[in-house]
Amino acid sequence: VSLTLDDDAAAMASSFKARCELSHELWSEVPGVVVPQPGGAFYAFSDITGTGMTDNEFAQRALDEAKVQLIPGSLLEGGEGYVRISYATSQENIREGVQRLSTWLNNK
């Protein structure tokens, strides 16, 4: 009997692709945010300059006010004005997080 992980790897890749697409679709609808299609990894690197906030302010307020943790892009060289959001979670969590961010930004 041959042991392979091909089926598991394919299922995992399919799951991450679905979460990536969902995250991109929902996150792209958030006001003031521009989201390029992620090219890899488990993160979207999003331009938040349309919100009028710095990446540090956006990340801190998102945590404090929307209860969503993001990584300010300025922690990475050349990342000022961007935030990094992970989609390495369930689709339910992605929907909840994006809804919280959208509600927060629409009421700020």
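How many bridges join S1 to S3, and which way do the two strands run? Five bridges join them, and they run antiparallel. Keep in mind that this is a predicted model, where local features need pLDDT of at least 70, side-chain atom pairs count only at pLDDT 80 or more, and totals for chains, interfaces and linings use all residues. Residues are numbered from 1 along each chain as its sequence is written, and side-chain values use heavy atoms, with hydrogens and water left out.

**The sheet**
- Three strands make up an open sheet, ordered S1-S3-S2, with antiparallel pairing; strands here are DSSP runs of E, at least two residues, and helices are runs of H or I, at least four residues, numbered from the N terminus.
- S1 and strand S2 (71–72) sit at the edges with a single partner strand each, so one side of each has no neighbour in the sheet. Two strands count as paired if DSSP finds at least two bridges between them.
- Phe45 stands opposite Arg84 in S3.

**Helix H1**
- H1 covers residues 6–27, and its 22 residues reach 31 Å from first C-alpha to last, close to the 32 Å expected at 1.5 Å a residue (the expected span is 1.5 Å times one less than the number of residues).
- Its buried residues include Phe16, Arg19, Cys20 and Trp27; buried means under 20% relative accessible area, exposed over 50%, and partly exposed in between, with a 1.4 Å probe and protein chains only.
- These buried residues pack against strand S1 (43–47), helix H2 (55–66), strand S3 (82–86) and helix H3 (91–106).

**Helix H3**
- The buried residues of H3 are Ile94, Gly97, Val98, Leu101, Ser102, Trp104 and Leu105. They span an arc of only 165 degrees around the axis, which puts them on the same side of H3 (the arc uses directions from the helix axis to the C-beta atoms).
- Over on the other side of H3, Glu92 and Asn106 are exposed.
- The buried residues of H3 pack against H1, H2 and S3.

**The nonpolar core**
- The largest nonpolar core has 24 residues, and among those touching the most other members are Trp27, Phe58 and Leu101. H1, H2, S3 and H3 each give it two or more residues, and the largest share, five residues, comes from H3.
- Such a core is a set of buried Ala, Val, Leu, Ile, Met, Phe, Trp, Tyr and Cys residues joined through side-chain atoms within 4.5 Å.
- Leaving aside neighbours within four places in sequence, Leu101 is in contact with Trp27, Ala62, Ala66, Val68, Leu70 and Ile85; contact means heavy atoms within 4.5 Å.
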